[in-house]
Amino acid sequence: MGDLDGDGDLDLVTGSYDAGLLTERGNEYIVGNARRGIFFFENDSAQSGARHFRMTALAAEAQTLAILFPDLDADGRPDILAGNDFNMPDMAWVRTDAGWKEASDLLVAMTHSTMSYDQADVDNDGYFEIFAADMKPYPGEMMGGWAPIMDSMMVGMVQAHVAADPQIMENVLLVRGDDGRYWNQAPDWGIDGTGWTWSSKFGDLNLDGYVDLYTVNGMIEERLFAHLPDHELVEENQAFRNEEGLSFEPMPGWKLDSANSGRGMVMADLDGDGDIDIVVNNLRGPARLFENQLCRGGKPLLVDLRWPGSANPFAIGAQLRLVTDQSAQLRDLRVGSGYLSGDAPQAHFAIPAGATVQTLEITWPDGARSTVAAPAGNTRLTITRAQSPDE
């Protein structure tokens, strides 16, 4: 959900997973099912008060496992990005005055089997990059479990491949180029292979002013992994430290390398000390909580937004920019990312050691802007929007 039309309430985008529903429901799902595919549900309660959603069909078929609302055409409005499994390419739409326009050609590369999305400003240049997770062994991983499945999957890809096919079987880090299209830089950043990855999220785990990356991995399937004990591809989750906006470095020393077949994951300050903790939901096992005890490189700042009188009281979709004398950090508020995972509706920043805060800039979901001067001396701020634009 997100405020895609900027009217102060939350709209909805849904994507069906046709393969799973076909397995569960058979021909009943294929014949006469008008609700499969990707749909935009516009919430018009802000205007009419009727709490009614108007449905627009965007695609007739889908294998969607992830949805994100990036600003793909840099017009200041959120767009729609849907990540699909299997040979079905990911899909994108940008908002125009006439409605939604298909824009998948903006993606020069995309994952073959998109498991999750997240976006963050990884180099603090003022623009979001988009990370999409797929399946590719990580460096140093034992290949015995992967070999049979890789052989069969590559045969299928060769048969489906065409010259213009943008799908690749590895993670992609999409960076907007001067031509307005998104190019893959995951190999340059060292994050093209992180295992059979599900949820993947950015967060400044060590409080140095740059967002790090964490991915949860593993796969269990009776047919694909019949050659492995309990049909399970056992992999370690992968943590990466952001090397000051230049690359990502694997960090096994952070002790986030659980091998419990993770699926969902959330990052949030769960114990109130200002740094980011992590909860991972595992298949065939209990969830695990990782309390952050890394050496702190800077000071945390957590920001909650409140929009009284709005149908979007937590300002989901807002963007926040913390400016210091060393850099500027960009964050956004959303309710979900990754694979089957939510997000805390809170912005987390780190003020690097020795840095001085200058301003905190807020762009609200309707485009209004606020500036808070030098919010120093605080670990947590709650900023409430005035009822009147003159206040």
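**Figure 1. Charged side chains of the protein.** The protein carries 27 positive and 61 negative side chains, and the centres of these two sets are 4 Å apart. Lys and Arg count as positive, Asp and Glu as negative, while His and the chain ends are not counted; each charge is placed at NZ of Lys, CZ of Arg, CG of Asp or CD of Glu. The model is predicted: local features need pLDDT of at least 70 and side-chain atom pairs count only at pLDDT 80 or more, whereas totals for chains, interfaces and linings use all residues. Residues are numbered from 1 along each chain as its sequence is written, and side-chain values use heavy atoms, with hydrogens and water left out.

**Figure 2. The fold as a whole.** Five helices and 32 strands make up the secondary structure of the protein; these are DSSP runs (helices H or I, at least four residues; strands E, at least two), numbered from the N terminus. The C-alpha atoms fill a box of roughly 65 × 50 × 40 Å along the principal axes. Of the 391 residues, 52% count as buried, where buried means under 20% relative accessible area, exposed over 50% and partly exposed in between (1.4 Å probe, protein chains only).

Figure 3. The structure holds ten aromatic pairs, counted for rings of Phe, Tyr and Trp (its six-membered ring) with centres within 6.5 Å; planes under 30 degrees apart are stacked, over 60 edge-to-face and the rest tilted. In the pair of Phe131 and Phe202, the ring centres lie 6.1 Å apart and the planes meet at 75°, so the arrangement is edge-to-face. Because Phe131 belongs to strand β10 (residues 129-133) and Phe202 to strand β15 (residues 195-203), the pair ties together parts that are 71 residues apart in sequence. Phe131 is buried at 0% relative accessibility, and Phe202 is buried at 10%.

**Figure 4. Ala74, a loop residue with positive phi.** Ala74 lies in the loop between β4 (64-68) and β5 (80-84). Its phi is near 55°, a positive value in a residue other than glycine. With a relative accessibility of 46%, Ala74 counts as partly exposed. Most residues other than glycine have a negative phi.

**Figure 5. Leu207, a buried loop residue.** Leu207 is situated in the loop between β15 and β16 (212-217). Phi of Leu207 is near 55°, which is positive although the residue is not glycine. The relative accessible area of Leu207 is 0%, so this residue is buried.
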